[in-house]
Amino acid sequence: MIIEMKDVHIQVGESEQYGNISFSALPGDIFSVTGGSHQARSAVLQSLTGVQPVEKGWISVDGEAVKGNLGAYFRRQMSYLPSCLDFGDELVCDVIDYYICLSVNKNKEISMSILKDELRQLSLKDDVIDRKFSALSAAEAQRVAIALTGMTERKVFLLDNPTSSQDERGKMSVMSYLCSPRMKDVTLVVATSDQALLSVCNKSLNLNHFII
């Protein structure tokens with residue numbers, strides 16, 4: 001899926017404004033949104049789903065505007081990982097079952113074996129499935145969340161700060177996962193200030209150039 005943003009203006013809180021933002025991201029791209037504040041980078045990702053309103057300009061997926069009923073349709077084609085996820089004392093396997101049973105995933109071929117493969121690609125052991133999220137390190141929990149995002153195999157991945165809890169080894173696992181052959185047909189957009197992650201992105205939007 002081709003994502004485009006043209007001459008978009010975004011208001012973030014009361015004091016931040018960004019204008020004339022334009023870019024396109026294609027299947028196979030690892031596109032980074034960097035610069036600006038973390039809230040601004042998150043707002044750009046959320047605007048791609050139609051959740052964050054824009055002041056001016058337009059956003060499209062495959063040439064169709066992301067708004068109204070079409071916005072809801074395109075959200076079903078996207079996997080979105082927010083910057084903060086807290087599953088508390090939930091077992092990883094219970095959260096997986098919940099994801100599998102969501103109506104939006106009813107036509108997806110999702111199984112524990114598929115998820116275990118995703119976990120291994122992110123340097124996680126199979127037994128993490130039987131543990132509580134609260135018993136995982138922040139780095140492990142973040143990589144499990146990335147695996148949950150990836151297992152639905154949608155055409156668009158929107159990842160907000162996906163290496164924020166990772167040490168150098170964890171970052172390498174995440175970057176290897178995002179650069180793996182399985183992502184070759186995925187349009188991948190990441191919001192990040194992590195220089196290591198930026199180094200594997202083939203396109204970039206620096207919000208510092210669009211501050212009003």
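**Reading surface, fold and cores**

Biologist: How many Å² does the accessible surface of the protein come to, and what share belongs to carbon and sulfur atoms?

Modeller: The accessible surface is about 10,300 Å², and 48% of this belongs to carbon and sulfur atoms; such areas come from the Shrake-Rupley method with a 1.4 Å probe, and for residues only the protein chains shown count as cover. This is a predicted model, in which local features need pLDDT of at least 70 and side-chain atom pairs count only at pLDDT 80 or more, whereas totals for chains, interfaces and linings use all residues. Residues are numbered from 1 along each chain as its sequence is written, and side-chain values use heavy atoms, with hydrogens and water left out.

Biologist: How many helices and strands does the protein have, and why can it be called as compact as a globular protein of its length?

Modeller: Helices (H or I, at least four residues) and strands (E, at least two) are DSSP runs, numbered from the N terminus, and the protein has 7 helices and 9 strands. Its radius of gyration, taken over C-alpha atoms, is 17 Å, close to the 17 Å from the globule rule (2.2 Å times the number of residues to the power 0.38) for 212 residues, so the protein is as compact as a globular protein of that length.

Biologist: What share of the residues is buried, and which residues touch the most other members of the largest nonpolar core?

Modeller: In soluble globular proteins, nonpolar side chains tend to be buried together. Here 48% of the 212 residues are buried, where buried means under 20% relative accessible area, exposed over 50%, and partly exposed in between (1.4 Å probe, protein chains only). A nonpolar core is a set of buried Ala, Val, Leu, Ile, Met, Phe, Trp, Tyr and Cys residues joined through side-chain atoms within 4.5 Å; in the largest, of 34 residues, Leu119, Phe133, Val144, Leu148, Leu178 and Leu188 touch the most other members. Helix 5 gives the most to this core, with 6 residues.

Biologist: Which residues does Leu178 touch?

Modeller: With contact meaning heavy atoms within 4.5 Å, and not counting residues up to four places away in sequence, Leu178 touches Ile30, Leu159, Met183, Leu188, Val190 and Leu197. A second, separate core of 28 residues includes Ile21, Ala43, Leu45 and Val189.

Biologist: Where is Val54 found, and what is its relative accessible area?

Modeller: Val54 is in the loop between helix 1 (38-48) and strand 4 (56-61), and is partly exposed, with a relative accessible area of 28%. Apart from residues up to four places away in sequence, Val54 touches Val8, His9, Ile10, Ser47 and Ile59.
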